[in-house]
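Here is a short briefing to read with the model open beside you.

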Amino acid sequence: MTTTETTPASAPVRKQLTIKVFGVGGCGGNVVSQIHGTGFADVQMIVLNTDSQALAQIPLPDKIHLGLKLNGGLGAGGDPERGRAAAEEDEARLRGLCTGVDMVFICAGLGGGTGTGAGPVLARVAKECGALSLAFVTLPFDCEGPKRMRQARQGLEEFKAAADGVVCLPNQKVFKLIDENTSVVETFSTTNELLAQGVRGIWQLVTRPGFINLDFADLCAVVRDRHSESSFATAEATGPHRAKEVVEKLLANPLLEGGAALGEADALLVSLMGGPSLSMAEVNRVMEQINRQTDNAHLIMGAAIEEQLGDRLTVTLVASRQRSHTADVLSDPEPEQLESVAPPGMVSVSRGVAEINQLGAAIARKPVTRSTTAKREADSVSMAGSETDVAPSAPMLSTRSWRSRKKAKAMHPELQLETVTKGPFEHSEPTLRNGVDLDVPTFVRRGMSMN
Amino acid sequence: MLNLLFPEKTTVIVGLEIGTAKVAAAVGEVTESGGVNVIGIGQSASRGVRKGEVVNADLTAEDVRNAIVEAERSADVEIASVYLSVTGGHLTSLNTHGVFTAASDDHEISQPDVNEVLANAKVFNRPSENTVLHAIRQHFTLNGQAGIADPVGMLGGKLELDMHVVHGVTTRLQNPVRVVKGLNLEVEELVFSGLASSLALLDNEQKQMGVLVVDLGAGTTEYVVYADGVIKHTGILAVGGDHVTNDLSYGLRMAPARAAMLKQEHGAATIGGAAGQTLTLTSENGFPDRRVNLEHLRRIMVARLEETMQLIDEDIGEQGFHDQLRAGVCLCGGGARIPGIDKLAEEVFGLSATLGRANAVGGLRSATDDPELATAVGLVKYGAIRQKGLRRIGLVGKLKHLAGSLGIF
Ligand SMILES: Nc1ncnc2c1ncn2[C@@H]1O[C@H](COP(=O)(O)OP(=O)(O)OP(=O)(O)O)[C@@H](O)[C@H]1O
Ligand SMILES: Nc1nc2c(ncn2[C@@H]2O[C@H](COP(=O)(O)OP(=O)(O)O)[C@@H](O)[C@H]2O)c(=O)[nH]1
Ligand SMILES: [Mg+2]
Ligand SMILES: [Mg+2]
């Protein structure tokens with residue numbers, strides 16, 4: 001008793017999180033500037049570079065010169081080794097920046113010297129300081145040549161080893177998605193915007209006031225210590241068909257590789273937000289569509305109403321997979337494939353039953369038809385709200401779970417939907433001890449891999 | 001408690017645990033010689049409790065009613081009042097110290113002196129929203145001589161008292177009380193469930209030698225440390241079998257009900273020979289449905305159980321109790337049924353571990369041998385000790401007998 005920390009039962013207080021966004025190298029600096037342009041409160045943005053000229057062009061107050069002694073402010077010359085050495089020279093400084101921080105975003109363009117070499121050092125230091133570290137990186141254009149690509153791949157592996165999660169967006173892929181005549185520079189800014197959206201979306205997910213049902217702990221459960229490559233996307237839609245459209249947009253997002261990222265995910269975090277008109281039926285519709293895309297993913301869902309969203313419905317999604325996906329990212333999907341957002345379910349064709357080095361993923365296969373699943377598991381699910389009729393005002397929007405559950409409903413066959421709950425701990429305060437949420441499975445917190 | 005079937009001299013005492021997995025009521029009778037026999041048990045699945053605390057009063061009221069009705073039938077008594085166990089993450093415990101100084105060293109310690117030192121020891125910092133659940137006397141120290149059970153009549157100038165105090169958030173302590181009162185039952189006293197369990201399991205010798213009791217429930221895990229015959233330390237973790245089930249449900253990707261079933265059928269607290277073994281599960285229509293790696297199942301379970309015990313071990317280690325626990329570790333609660341749990345406890349605590357049975361009471365074997373009923377049965381024991389004390393007060397008027405011989409009060 002003496003050592004168990006508790007929070008008041010009635011109002012679990014959301015801890016004020018300390019979050020920092022770092023841009024490393026030229027590309028990283030540009031992405032962070034872009035994020036900054038869209039009004040971020042309470043987040044410190046810091047740009048790191050070895051190149052004093054590039055640094056001078058960044059319109060942000062917090063700029064740090066890496067490896068001045070080593071490189072004399074002249075940049076890393078496209079050599080990741082020099083980027084790394086520069087960061088190591090200033091490691092104490094980086095440590096100072098990361099101390100006491102809950103979460104760190106690191107943006108970098110892979111292929112050059114600074115982002116590729118110094119970025120992973122920063123990720124490691126952030127982790128060592130106890131922060132959750134998420135990296136948002138780009139891969140070079142094909143035209144930049146094989147050397148850069150090789151360096152970039154190497155850097156990606158290092159990021160994956162150092163950070164909790166890495167979201168990777170190849171420039172080439174974005175290039176193919178937009179108009180053929182677009183210039184490289186314009187492509188940059190599109191990519192930068194996508195990355196900025198990613199950072200913003202996750203930031204909102206964990207900080208948005210009133211968003212009580214998905215929190216930092218949930219995010220940690222999905223990404224912490226997994227060293228996985230994560231995909232991330234956010235989409236918004238309005239109008240009567242917004243539940244359907246928002247998912248279509250989501251799946252069209254290049255960050256999700258046409259939905260394939262969902263099929264391969266072993267952990268999925270979905271956050272829905274809408275104005276007061278958001279109904280349980282819509283939440284279910286969105287979740288059902290997303291669920292159809294996933295195979296064995298551990299699903300965490302949260303939904304909230306936010307007055308000022310009005311008619312808008314936004315969905316933010318983080319998909320995390322353990323298996324290395326680098327090769328596919330580099331060689332893979334042709335634009336046709338990306339553009340044609342196949343009807344949900346068809347995407348499964350491209351899913352491999354890969355040897356996934358992660359607990360359970362290799363053992364658990366979903367039964368063939370959903371209805372049997374629903375039927376079998378129905379008796380074990382008690383979910384307030386799913387029993388009741390779907391009212392448009394639906395106040396029961398706040399649920400989450402370590403995994404998805406199915407609920408059959410005989411009277412409304414169209415409502416055989418995935419409904420998720422926080423499970424047995426939904427109505428109780430979290431069991432915290434020394435800041436650790438003991439409700440999160442021990443093996444997850446211990447990062448035990450099963451093979 | 002009015003019942004014509006019972007001879008005048010026996011008293012009926014009822015213990016009620018509103019647990020996370022089940023509600024259990026134990027009916028006991030106290031014989032003239034002071035022994036306690038369990039004469040009836042009532043149980044019901046618990047639907048409105050999480051982590052040891054009531055979250056749905058309506059469901060819980062129904063479950064309590066069912067358990068009480070069954071207990072009444074089983075013991076053939078009418079139940080009017082209960083000793084009620086409480087637990088939850090809001091409970092806090094600490095040891096306090098009180099001092100009384102007399103004018104001279106040859107002062108004869110009187111009852112008022114003892115009362116003063118008692119009052120003194122009860123002064124400690126606690127949040128205003130908390131209520132003291134227990135203030136348990138450990139021992140007196142007179143002029144530096146420790147381990148005195150009753151100082152009245154002894155000579156000394158400085159009397160000190162060590163106490164173990166358990167307190168909790170008042171509103172949260174009241175939740176189960178409200179449910180019980182809503183059923184027209186009186187609550188005689190609230191008792192920390194870990195304390196109740198320990199009373200069922202332990203004999204005086206174990207308390208004297210030093211022992212750690214761990215109650216592995218569905219929503220909470222309570223622990224109690226005895227040494228030199230008194231309670232030295234208590235604690236509770238809001239972690240239990242539900243967490244094991246949830247970990248499995250997440251890790252093996254299956255519905256919680258199925259995970260709970262697998263846990264009970266194939267679970268263990270050791271990896272054992274599970275390496276490379278696979279279970280084939282069948283769907284409800286009898287077809288092989290999916291395969292589960294038994295080693296993964298065990299590793300997920302072991303990780304949680306080991307962690308839970310490690311957290312307890314750290315806590316009692318910080319207080320320096322390890323070398324005082326010569327009687328080892330005694331396990332109860334549903335978690336005590338997990339195969340190999342005693343081995344795991346031995347490993348984690350570095351002490352011998354046994355599965356406890358309710359040695360301190362007689363009566364129905366089915367009740368005293370059931371690890372899940374330790375709390376309810378222990379509550380009966382608690383009631384018996386209390387009522388004996390109260391009777392003595394009536395007869396002799398001496399408060400000191402409340403100290404009992406069982407290391408409480
Ligand atoms: N053979 C077994 N293997 C694994 N777990 C078991 C076994 N038997 C019982 N349990 C678990 O023990 C738990 C129930 O224990 P118990 O009845 O002591 O809990 P409770 O008193 O209702 O809960 P609490 O005291 O935490 O409020 C359940 O989680 C159940 O799954
Ligand atoms: N999306 C995007 N990619 C960029 C941008 N600038 C550079 N890149 C990419 O990032 C890679 C590394 O470049 P840069 O960040 O300038 O190198 P560094 O400063 O040495 O890390 C290049 O090969 C480009 O593919 C940018 O502003 N946006
Ligand atoms: Mg119990
Ligand atoms: Mg318990």
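This is a predicted model: local features need pLDDT of at least 70, side-chain atom pairs count only at pLDDT 80 or more; totals for chains, interfaces and linings use all residues.

Residues are numbered from 1 along each chain as its sequence is written, with chains lettered from A and ligands numbered from 1 in the order in which they are written.

**Metal site**

- Donors here are N, O and S atoms within 2.8 Å of the metal (3.2 Å for Na, K and Ca), and because water is not among the atoms, sites may look incomplete.
- The magnesium ion (ligand 3) lies 3.4 Å from the magnesium ion (ligand 4).
- Buried means under 20% relative accessible area, exposed means over 50%, and partly exposed is in between (1.4 Å probe, protein chains only).

**Ligand 2 and its shell**

- Ligand 2 has 18 residues around it, and those that come nearest are Gly26(A), Gly115(A), Glu144(A), Arg148(A) and Asn192(A); a residue counts as near if one of its heavy atoms lies within 4 Å.
- By class, the shell holds 12 polar, four nonpolar and two charged residues. In this scheme Ala, Val, Leu, Ile, Met, Phe, Trp, Tyr, Cys and Pro are nonpolar, Asp, Glu, Lys and Arg are charged, and the others, Gly among them, are polar.
- Helices α1 (25-36), α6 (114-128) and α9 (184-207) of chain A each supply at least two shell residues, and α1(A) gives the largest share, with four. Helices are DSSP runs (H or I, at least four residues) and strands are E runs of at least two, numbered from the N terminus.
- Polar contacts are pairs of N or O atoms within 3.5 Å. Oxygen atoms of ligand 2 take part at 2.5 Å from a side-chain N or O atom of Arg148(A) and at 2.9 Å from a polar backbone atom of Thr114(A).
- A nitrogen atom of ligand 2 is 2.7 Å from a side-chain N or O atom of Asn192(A).
- On its own, ligand 2 has 570 Å² of accessible area, and the protein covers 87% of that (Shrake-Rupley method, 1.4 Å probe).

**Salt bridges**

- Over all chains there are 30 salt bridges, each being a side-chain nitrogen of Lys or Arg within 4 Å of a carboxyl oxygen of Asp or Glu.
- Asp164(A) pairs with Lys127(A) at 2.9 Å, N to O. The two are 37 residues apart and link distant parts of the chain, with Asp164(A) in the loop between α7 (146-162) and β6 (165-170) and Lys127(A) in helix α6.
- Asp164(A) is buried at 0% relative accessible area, and Lys127(A) is buried at 18%.
- Within helix α7 of chain A, Glu157(A) and Lys160(A) sit three residues apart, about one turn, and their side chains meet at 3.6 Å, N to O. Glu157(A) is partly exposed at 37%, whereas Lys160(A) is buried at 7%.
- Which residue of chain B pairs with Glu429(A)? Arg172(B) does, the closest N and O atoms being 2.7 Å apart. This pair crosses between chains, from the loop between β12 (418-419) and β13 (432-433) of chain A to helix α3 (residues 170-182) of chain B.
- Glu91(A), Arg95(A), Arg124(A) and Glu128(A) are linked in a salt-bridge network.

How values were computed
Side-chain values use heavy atoms; hydrogens and water are left out. A polar contact is a pair of N or O atoms within 3.5 Å; within protein, one must be able to donate a hydrogen and the other to accept it, and residues adjacent in sequence count only if both atoms are side-chain atoms.
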